[in-house]
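Please look over the sequence and the model shown here, and then follow the report below.

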Amino acid sequence: MFKTLLETDQDLTRNSYYAATAPRTRHHLALQDDVAADVAVVGGGLAGLSAALELSARGYSVTVLEAREVGWGASGRNGGQVIAGLASDISVIEEQLGATVARRVWDMTVEAVNLVHERRARHAIDCEWRSGYLTLAVNARKARTLRAWQEDMLRRYDFQSRWIEPQDMPRWIASPRFHSGVYDDFNGHLHPLKYTQGLAAAAAQAGVRIHEDTAVTAMETQADGALTTLRTVTQVAGQGAVHGSVRARHVLLAGNVYLQEIARALEARIMPVGTYIIASERMAPALADSLIPSGAAVCDTNFVLDYFRPMQDHRMLYGGRVSYSKATPMNLAESMRRRMLLSFPQLKDVKAEYAWGGFVDISMNRAPDFGRLSQRTGQPGHANIFYLQGFSGHGLALTGLAGKLVAEAIAGQAERFDIFARIQHRPFPGGRWLRTPALVLGMAYYRIKDLL
């Protein structure tokens, strides 16, 4: 019997290092009645909470609906890397919208990283921030591409970074796998679940109503678009299913890959892709500190990439393997540990204590997909329903900016949001039933290309 995406995802939450080290001290009651708000947000992750914070500061009443717990999805299970830019190369934006607009997009992604720092400071969020980011090439051919990218980003985007020659690599990483690389101290890494929980606490303190364990089952919009009603359900002990609703003037759909039942028009524009991470057992401090002496987060430049970073408690967090078929790899912890040993063979006696994963929402061109639902359905009444998706595994910083841009648009200043809404996206081929097999075949090509 095949598991559903939600069943598979539930299994992938059970042994998360983040959940083990960020116990939930605050719970938000499920919705059990009918309420009204200026804005209803579907999804209690980074994008939804960011929008809620910004809208509350502008005087809007906001209700956030989360089917499980705050930060349950990708926001609380990701690699923890806070990075400027997009999952796609900036050339995708240049080709579609021109160099001037591409520069504006890049600058907004820099703003996204700075926004993380601003919110950490303003709301006193202790989320284990550490500066430093290494982008590494595994061979000379990929190094030439990376060097050209570094020089281009400096020349046209003023992005400062340091080139690392092959002979200097041992000072930056104790690994035989990597040829050369780029270091910058603008990007960095943090504990994503602690950060998400901190944003939720700040939003609640600002007056945002957050309801966990509250699944949205239907969305009904008046013909004139003046009001939208979200129907909800929660399970209450002794009562079974209890229904509620939120009536709002504006709606934000920020639920990653979990919204397709209520917004079918968005379904073909993204695909759920499984990604997996382990956290090693604690190591001797000297060994842990020797692996990446700068303490930076690391990512390679392969299409199917590896990403990893040292933790404050002397563990290695290592991610990389992906599943385009939604099937979890067999023996996940051990298979990921073997992947870690390709980079760090000196960890052959170090066990993987935690292994988890989840699904990210990728778009065809890996660029983010923001817009109004009316653009997808052709129904004018959907103009007040906004959506954010397609972060493609590069959303820890960008989600925060996305929420801010939606808040600006709802408040009547939509210029920056509309820049992202102009990015063109193609649907995944194959229709609802064949697009997953088609993607699996397509990604096989890139895996072979990486190997070669």
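In which sense do strand E11 (residues 271–280) and E14 pair, and over how many bridges? They pair in the antiparallel sense over five bridges, where pairing requires that DSSP finds at least two bridges between two strands, and where strands (E, at least two residues) and helices (H or I, at least four) are DSSP runs numbered from the N terminus. This is a predicted model, in which local features need pLDDT of at least 70 and side-chain atom pairs count only at pLDDT 80 or more, while totals for chains, interfaces and linings use all residues. Residues are numbered from 1 along each chain as its sequence is written, and side-chain values use heavy atoms, with hydrogens and water left out.

Strand E13 (residues 307–310) also runs antiparallel to E14, joined by four bridges. One bridge from each pairing is listed here.

| Residue | Bridge partner in E14 |
|---|---|
| Ile 277 | Gly 319 |
| Arg 309 | Leu 317 |

In the hairpin of E13 and E14, five residues lie between the strands, and His 314 takes a positive phi near 65 degrees. Because seven of the eight residues of strand E14 (residues 316–323) are buried, this strand is largely enclosed by the rest of the structure; buried means under 20% relative accessible area, with a 1.4 Å probe and protein chains only.

His 382 counts as buried because its relative accessibility is 14%. Leaving aside neighbours within four places in sequence, His 382 is in contact (heavy atoms within 4.5 Å) with Thr 221, Leu 373, Ser 374 and Thr 377.

Notes. Buried means under 20% relative accessible area, exposed over 50%, partly exposed in between (1.4 Å probe, protein chains only).
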